[in-house]
Amino acid sequence: MEREKNNSPDLEGYSQRLGYRLRDLRRERGLSQEAVAHRADIALYTYQKFEKGESKPGTPMNPTYHTLLSLAWVFDLPMTELLDLDGTGAGCDPETD
């Protein structure tokens, strides 16, 4: 996980990249935001905010583990591939975080 200058995680950057990833996966599969939200059993508004990288306006997204599992299931991906935000295959490798 990338770090800010004060050595804290760059949550805004990570959230933004995850939002772009969700949007790109949805578009690649020809799904609407409504379809993804329904299949993942989350509110449409919540999913729309996730695609913007937010939980509330101005707040980085903070999905639960259950929500991430549900989204991975919707996109038919393992969790690590869903979280592969830079395309390296190192999505959530604890050795690099």
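The expected span of a helix is 1.5 Å times one less than its number of residues. In this predicted model, helix α1 has 18 residues and should therefore span 26 Å.

The chain holds five helices and two strands. Read from the N terminus, the order of these elements is α-α-α-β-β-α-α. The chain has 97 residues, and 37% of them count as buried. Among contacts with a separation of 6 or more, 51% are accounted for by residues 24 or more positions apart.

Helix α1 comprises residues 11-28. Several of its residues are buried, namely Gly13, Ser15, Leu18, Gly19, Leu22, Leu25 and Arg26. The cover over the buried residues of α1 includes the helices α2 (33-40), α3, α4 (65-74) and α5 (79-82), as well as the strand β2 (59-60). Just after α1, glycine 30 adopts a positive phi of about 65 degrees.

Two packed helices are described by the angle between their axes and the distance between the axes. For α1 and α3 (residues 44-51), the angle is about 110 degrees and the axes are 7 Å apart. Angles of 65 to 115 degrees count as roughly perpendicular, so α1 is roughly perpendicular to α3. On the α1 side, the contact is made by Gly19, Tyr20, Leu22, Arg23 and Arg26; on the α3 side, Tyr47, Phe50 and Glu51 take part. By class, this contact has four nonpolar residues, one polar residue and three charged residues. Gly19, Leu22 and Arg26, which belong to the α1 side of the contact, are also among the buried residues of α1.

The relative accessible area of proline 57 is 60%. A residue counts as exposed when this value is over 50%, and proline 57 is therefore exposed. When neighbours within four places in sequence are left aside, proline 57 is in contact with Tyr45 and Lys49.

Methods. Residues numbered from 1 in each chain as written. Predicted model: local features only at pLDDT ≥ 70, side-chain atom pairs only at ≥ 80, totals over all residues. Heavy atoms only, no water. Axes fitted to C-alpha atoms, helices over the stretch in contact; angles between N-to-C directions. Helix = DSSP H or I, 4+ residues; strand = E, 2+ residues; numbered from the N terminus. Parallel < 35°, antiparallel > 145°, perpendicular 65-115°, else oblique. Contact = heavy atoms within 4.5 Å. Nonpolar A, V, L, I, M, F, W, Y, C, P; charged D, E, K, R; others polar. Buried < 20%, exposed > 50% of the residue type's maximum accessible area, 1.4 Å probe, protein only.
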